Amino acid sequence: LERVREVEVECFAPHDEHRWVNIGKERADAVQYARALRLPYHLVSILRIKEHSTKAMGCSNKNTMVFVVLEGEISVILPTTQFSAKKGDSFYILPKIAFNLINEKARDAELFLVQSPVPV
């Protein structure tokens with residue numbers, strides 16, 4: 001007999017109620033992060049990178065990270081390649097990959113981000 005387990009999750013996150021957290025390394029407010037939705041095995045959030053700012057090197061750890069550029073343009077730096085992503089572009093970063101996101105432009109960039117851990 002199979003048991004069904006109900007899990008309560010937030011299914012709606014109004015944009016004007018996001019709680020922005022400063023996570024910039026160079027300047028605290030240069031990079032801001034807001035969690036939008038937390039689903040089982042997925043985290044949906046928004047990342048803002050101010051003009052002429054960098055997120056700073058990070059690692060995707062156990063997560064696959066999928067990004068969509070909502071506003072602006074950023075440079076994506078990976079161990080073996082780098083590329084530019086502008087409004088409407090999307091890209092992903094696999095688990096255990098070092099990366100950096102740099103906004104070299106004179107306007108802010110905003111990215112939609114979905115994180116999902118590697119299945120075990």
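1. Arg27 and Asp29 form a salt bridge in this predicted model, their closest N and O atoms being 3.1 Å apart; the term salt bridge stands for a side-chain nitrogen of Lys or Arg within 4 Å of a carboxyl oxygen of Asp or Glu. Arg27 counts as partly exposed, at 43% relative accessibility, and Asp29 is likewise partly exposed, with a relative accessible area of 34%. Here buried means under 20% relative accessible area, exposed over 50%, and partly exposed in between, with a 1.4 Å probe and protein chains only.

2. As to how the model is to be read, it is predicted, so that local features need pLDDT of at least 70 and side-chain atom pairs count only at pLDDT 80 or more, while totals for chains, interfaces and linings use all residues. Residues are numbered from 1 along each chain as its sequence is written, and side-chain values use heavy atoms, with hydrogens and water left out.

3. How many salt bridges does a search of the whole structure find? The search finds four, and one of them is the meeting of the side chains of Glu110 and Arg48, at 3.1 Å from N to O. This pair links distant parts of the chain, since Glu110 lies in strand S11 (residues 109–117) and Arg48 in strand S3 (residues 42–49), 62 residues apart. Strands, for this note, are DSSP runs (E, at least two residues), numbered from the N terminus. Glu110 counts as buried, at 15% relative accessibility, whereas Arg48 counts as partly exposed, at 27%.

4. Lys87 forms a salt bridge with Glu71, and the closest N and O atoms are 3.5 Å apart. The pair again links distant parts of the chain, with Lys87 in the loop between strand S8 (82–86) and S9, and Glu71 in strand S6, 16 residues apart. Lys87 counts as exposed, at 54% relative accessibility, while Glu71 is partly exposed, with a relative accessible area of 31%. Both residues belong to a network of salt bridges that links Glu71, Lys87 and Arg107.

5. Six strands form an open sheet in the order S1-S2-S3-S11-S6-S9, and the pairing is antiparallel; two strands pair if DSSP finds at least two bridges between them. S1 and S9 are the edge strands, each of which pairs on one side only.

6. Strand S10 (residues 98–103) deserves a separate look. S10 pairs with strand S4 (residues 53–54) in the antiparallel sense over two bridges, and Thr54 stands opposite Ile102. Two bridges also join S10 to strand S5 (residues 58–59), again antiparallel, with Ala98 as the bridge partner of Cys59. Strand S7 (residues 73–77) runs antiparallel to S10 and is joined to S10 by three bridges; here the bridge partner of Ser75 is Ile102.

7. Which aromatic rings come together? A search of the whole structure finds three aromatic pairs, where rings of Phe, Tyr and Trp (its six-membered ring) pair if their centres lie within 6.5 Å, and planes under 30 degrees apart count as stacked, over 60 as edge-to-face and the rest as tilted. The rings of Phe67 and Phe91 have centres 4.8 Å apart and planes at 15°, so this pair is stacked. Phe67 is in strand S6 and Phe91 in strand S9 (residues 90–93), 24 residues apart, and the pair therefore links distant parts of the chain. Both Phe67 and Phe91 are buried, and ring pairs link Phe67, Phe83, Phe91 and Phe99 into a cluster.

8. Two backbone angles may be checked by eye. Most residues other than glycine have a negative phi. Ala56, however, has a positive phi of about 90°; Ala56 is placed in the loop between S4 and S5 and is buried, with a relative accessible area of 18%. Asn61 also has a positive phi, near 50°, and lies in the loop between S5 and S6.

9. His18 lies in the segment before strand S1 (21–22) and counts as buried, at 13% relative accessibility. Not counting residues up to four places away in sequence, His18 touches Ala13, Ala34, Arg35, Ala36 and Ile46, where contact means heavy atoms within 4.5 Å.

Notes: Helix = DSSP H or I, 4+ residues; strand = E, 2+ residues; numbered from the N terminus.
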